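I opened the model today to look up ring pairs, charges and the core. My entries follow in the order I made them.

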Amino acid sequence: MKLTVFWERMSAHFGEAYADSFARDHVMSELGGRTVYQAFEAGWEAKDVWRAVCRAVDVPAERR
């Protein structure tokens, strides 16, 4: 998954303004106690981060 697709999906689910806030501030156990941005900095792939977000906030199947 490309990063642009990841951010499109984040915006579609959370709304453009909240997607960035969620990615900066929400620490997820699914990402090893990291935020989305920290996971990317640690080398996580976009598809794996998206899967973690989906599990953390119950993204509907049709948006996964």
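Predicted model: local features only at pLDDT ≥ 70, side-chain atom pairs only at ≥ 80, totals over all residues.

**Entry 1**

I started with threonine 35, which counts as buried because its relative accessibility is 5% (buried is under 20% relative accessible area, exposed over 50%, partly exposed in between, with a 1.4 Å probe and protein chains only). Threonine 35 sits in the loop between H2 and H3. Helices here are DSSP runs of H or I with at least four residues, strands are runs of E with at least two, and both are numbered from the N terminus. I then listed what threonine 35 touches, leaving out residues up to four places away in sequence: Ala23, Arg24, Asp25, His26 and Val27. Contact means heavy atoms within 4.5 Å.

Residues are numbered from 1 along each chain as its sequence is written, and side-chain values use heavy atoms, with hydrogens and water left out.

**Entry 1: helix H2**

Which residues of H2 are buried? I found Ala19, Phe22 and Ala23. They span an arc of only 95 degrees around the axis, so they lie on the same side of H2. The arc is taken from the directions from the helix axis to the C-beta atoms. Ala17 and Asp25 are exposed on the other side of H2. I checked what covers the buried residues of H2, and the cover includes H1, H3 and H4.

**Entry 2: arginine 24**

Next I looked up salt bridges, and a search of the whole structure finds two. A salt bridge needs a side-chain nitrogen of Lys or Arg within 4 Å of a carboxyl oxygen of Asp or Glu. Arginine 24 makes one with aspartate 20, with the closest N and O atoms 3.0 Å apart. Both residues lie in helix H2 (residues 16-25), four residues apart, which is about one turn of the helix. An α-helix has 3.6 residues a turn, so residues three or four places apart point the same way. Aspartate 20 is partly exposed, because its relative accessibility is 29%.

Aspartate 48 bridges to arginine 51, and their closest N and O atoms are 3.4 Å apart. Both lie in helix H4, three residues apart, about one turn of the helix. Aspartate 48 is partly exposed at 29% relative accessible area. Arginine 51 is partly exposed at 46%.

**Entry 3: aromatic rings**

How many aromatic pairs does a search of the whole structure find? It finds eight. Rings of Phe, Tyr and Trp (its six-membered ring) pair if their centres lie within 6.5 Å; planes under 30 degrees apart are stacked, over 60 edge-to-face, and the rest tilted. I picked phenylalanine 6 and tryptophan 50: the centres are 6.1 Å apart and the planes at 85 degrees, so this pair is edge-to-face. Phenylalanine 6 is in helix H1 (residues 3-14) and tryptophan 50 in helix H4 (residues 46-57), so the pair ties together parts 44 residues apart in sequence. Phenylalanine 6 is buried at 0% relative accessibility. Tryptophan 50 is buried at 2%. Ring pairs link Phe6, Trp7, Tyr37, Phe40 and Trp50 into a cluster.

I turned to the largest nonpolar core, which has 18 residues. Such a core is a set of buried Ala, Val, Leu, Ile, Met, Phe, Trp, Tyr and Cys residues joined through side-chain atoms within 4.5 Å. Phe6, Met10, Leu31, Val36, Val49, Trp50 and Val53 touch the most other members. H1, H2, helix H3 (36-41) and H4 each give two or more residues to this core. H4 gives the largest share, six residues.

Alanine 52 is in helix H4 and is buried at 0% relative accessibility. Its C-alpha is 6.5 Å from that of leucine 31, 21 residues away in sequence.

Last, I checked aspartate 58, in the segment after H4. Its phi is near 55 degrees, a positive value in a residue other than glycine. Aspartate 58 is exposed, with a relative accessible area of 63%.
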